[in-house]
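Colleague: I am new to this structure and would be grateful for a guided reading of it. May I put some questions to you in turn?

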Amino acid sequence: MTSVALVVAVFAACVVEAVEALTILLAVGTTRGWRSALIGAGTAVVALAAIVALLGPAISAIPIDWLRLLVGGLLLIFGVGWLRKAIMRAAGLKALHDEDEIFATQVAASRTAETERRALVGDWYAFTLSFKGVLLEGLEVVFIVLTFGTNQQDVPLAAFGAVAAVLLVGVLGVAVRRPLARVPENTMKLGVGIMLTAFGIFWGAEGAGVEWPGADAALLVLVPAVLAVCLAYIAVLRRRPELALGRSLERV
Amino acid sequence: MRHLKAFGAFWWDFVVGDDWLVAVAVVAGLAITAALVHVGVNAWWFLPVLVLGLVPVSIRRLVRR
């Protein structure tokens, strides 16, 4: 895997996560006030830094084959999940991820919630909502950075890709003050799902003791092969959506 | 105890997600691959075939819910 591929893979995955976190933060900040929302987001960032400080050295201490087995397995579980949702959205079996709609839902919920003061936080609802949103999406960013970075023995480069993504989304979010609905999120999710799945297969099998034909070059076949399979599933489900259900089809 | 349960539920949701079958199949797939390698079969093909079958099965399970 080249340095460019590492940065691109991490950057794309982190843009998707950052857009989701930004949507929640914007909804909370604009309806409940920015102070508690930003304290919540800041606390989540501190928690994420603590997790990185704890997990980083621990991950580095794991023997490389065990690490690849563990990371490959986790990437495969995440990757198949991302692929499944992206295929269902592209085939029309699931609503497209709509940041405007999510934003509107969050805004409506924020407007009706009561204000409760706790310790230094003026609005506990705003604090917990932005804290949870940033922590959850941030955990996925941390996982991607640590796994891709450790496997490629270049965590700083992976972190660079993640920081660039978060900064880009953050700056755009501040500039437009509304959800980044124009980001082609489903296409990006499909791309990230393909990368996670292909690398999960590659590292998982390596960790299990497999020797790939062509060594690292096997990835050059795995990535397009996973893409081709996904496109084939999308094409089949678009033409015959009833295959996903059996007889009757209901939207999910 | 309540916090411990919530902590466990959070990690279960984060790692396993909305279809536990995927997690079980991946763990089983890695174990089978390792077992095949152990008996002398270079089973590089096993995980790709598993994923090929796992994706439509998981889609069907989610759509049926």
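Colleague: Leaving aside neighbours within four places in sequence, with which residues is A:A198 in contact?

Modeller: The model is a predicted one, in which local features need pLDDT of at least 70, side-chain atom pairs count only at pLDDT 80 or more, and totals for chains, interfaces and linings use all residues. Residues are numbered from 1 along each chain as its sequence is written, while chains are lettered from A and ligands numbered from 1 in the order in which they are written. Two residues are in contact if their C-beta atoms, placed from the backbone, lie within 7 Å. Beyond its neighbours within four places in sequence, A:A198 is in contact with A:L219, A:L222, A:V223 and A:V226.

Colleague: Which element of chain A gives the most to the side that touches chain B?

Modeller: In this interface, 28 residues of chain A are in contact with 27 residues of chain B. On the side of chain A, α3 (64-90), α7 and α8 each supply at least two residues. With 11 residues, the element that gives the most is α3(A).

Colleague: At roughly what angle do the axes of α7 of chain A and α3 of chain B cross?

Modeller: Axes are lines fitted to C-alpha atoms, for helices over the stretch in contact, and angles run from 0 to 180 degrees between N-to-C directions. The axes of α7 (residues 185-207) of chain A and α3 (residues 46-64) of chain B come within 9 Å, and the crossing angle is roughly 145°.

Colleague: In which helix of chain A is confidence lowest?

Modeller: pLDDT is the predictor's confidence in each residue, from 0 to 100. Its mean over chain A is 82. Among the helices, α8 (residues 218-239) has the highest mean, 90, and the lowest, 71, belongs to helix α4 (residues 99-112) of chain A.

Definitions and conventions
Helix = DSSP H or I, 4+ residues; strand = E, 2+ residues; numbered from the N terminus.
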